[in-house]
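Have the structure open while you read, as the points go from the overall layout down to single side chains.

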Amino acid sequence: MLLLDVTGALDDLWPAVALEAPLPVSGRVLVGLDRLDEAAASPLEIGVAIANDTALDRLEPHLGRLALIAVAFPAFSDGRGFSLGRRLRAMGFAGRLRASGPVIADQFGYLLQCGFDEVALPEAVAKRQPIEQWLDRAQAVTVGYQRNYAGRASILDRRRAAGLGGEASAR
């Protein structure tokens with residue numbers, strides 16, 4: 001697995017704990033949703049790995065306690081994780097947001113716009129798309145059709161501010 005953000009490759013500081021394994025007594029831990037309540041009752045720094053179809057009401061009581069949420073992307077063509085990331089940021093999640101799975105470099109800028117901080121890639125994807133390609137693509141999306149999670153203006157907002165009106169004309 002390759003973990004990267006806009007600065008390049010990162011060390012993964014979040015050891016995953018299997019369902020049957022005991023939780024450590026201190027430090028950081030990455031658990032599945034099924035162990036979130038158990039981990040939240042501990043003094044650990046908590047990360048949780050979730051599927052891209054997770055109901056966020058299950059996470060909401062823990063958002064202030066979580067330091068990392070890793071959203072699974074089962075395929076680059078499955079965009080539900082983008083929406084989940086944006087919704088988590090809108091709910092006030094301020095920790096690290098990780099996209100995990102076979103996304104592609106061309107999606108990196110969009111992940112960033114939706115509030116993701118980092119991407120965990122399978123080795124096969126990392127071999128096909130070197131880090132330099134990811135870093136280049138991080139800067140490729142400068143404007144979007146929707147406002148990003150941090151409130152950056154959309155194309156429509158920019159047109160209105162420039163006095164071009166809200167109508168998208170094909171004239």
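Predicted model: local features only at pLDDT ≥ 70, side-chain atom pairs only at ≥ 80, totals over all residues.

1. Numbering starts from 1 along each chain as its sequence is written, and side-chain values use heavy atoms, with hydrogens and water left out.

2. The overall layout: the protein has six helices and seven strands. These are DSSP runs numbered from the N terminus, with helices being H or I of at least four residues and strands E of at least two. Along the sequence the pattern reads β-β-β-α-β-β-α-β-α-β-α-α-α. Of the 171 residues, 42% count as buried, where buried is under 20% relative accessible area, exposed is over 50% and partly exposed is in between (1.4 Å probe, protein chains only). Taking contacts (heavy atoms within 4.5 Å) with a separation of 6 or more, 49% come from residues 24 or more positions apart.

3. Now the sheet. Seven strands make an open sheet with mixed pairing, in the order β2-β1-β7-β6-β5-β4-β3; strands count as paired if DSSP finds at least two bridges between them. β2 (8-10) and β3 (28-32) are at the edges with a single partner strand each, so one side of each has no neighbour in the sheet. From one strand to the next the twist averages 30°. Axes here are lines fitted to C-alpha atoms, for helices over the stretch in contact, and angles run from 0 to 180 degrees between N-to-C directions.

4. Strand β4 (residues 45-50) runs parallel to β5 and is joined to it by five bridges, with G47 opposite L68. Five bridges also pair β5 with β6 (residues 96-100), again in the parallel sense. Across that pairing, L68 faces R96, I69 faces L97 and V71 has A99 as its bridge partner. Getting from β5 to β6, the chain passes through helix α2 (residues 80-90) in a right-handed β-α-β crossover. Right-handed means that, with the strands pointing away from the viewer, the path from the first strand over the helix to the second runs clockwise.

5. Next along is the β6 and β7 pair, parallel and joined by three bridges. R98 stands opposite E118 there. Helix α3 (residues 108-113) carries the chain from β6 to β7, and this β-α-β crossover is right-handed.

6. Is E118 buried or exposed? E118 is buried, at a relative accessible area of 4%. Its side chain makes a polar contact with the side chain of R98 at 2.7 Å; a polar contact is a pair of N or O atoms within 3.5 Å, where within protein one must be able to donate a hydrogen and the other to accept it, and residues adjacent in sequence count only if both atoms are side-chain atoms. Beyond four places in sequence, E118 touches L3, L4, D5, L10, L68, R96, L97, R98 and A99.

7. On the packing side, nonpolar side chains tend to be buried together in soluble globular proteins. The largest nonpolar core here has 38 residues, of which L59, L66, I69, V71, L88 and W134 touch the most other members. Such a core is a set of buried Ala, Val, Leu, Ile, Met, Phe, Trp, Tyr and Cys residues joined through side-chain atoms within 4.5 Å. Neighbours within four places aside, L59 is in contact with L33, L36, V48, I50, L66, I69 and L88.

8. Finally, I131, which lies in helix α5. I131 counts as partly exposed at 24% relative accessibility. Leaving out residues up to four places away, I131 touches L2, L4, G8 and A9. I131 and G8 are 123 residues apart in sequence but 6.5 Å apart in space, C-alpha to C-alpha.
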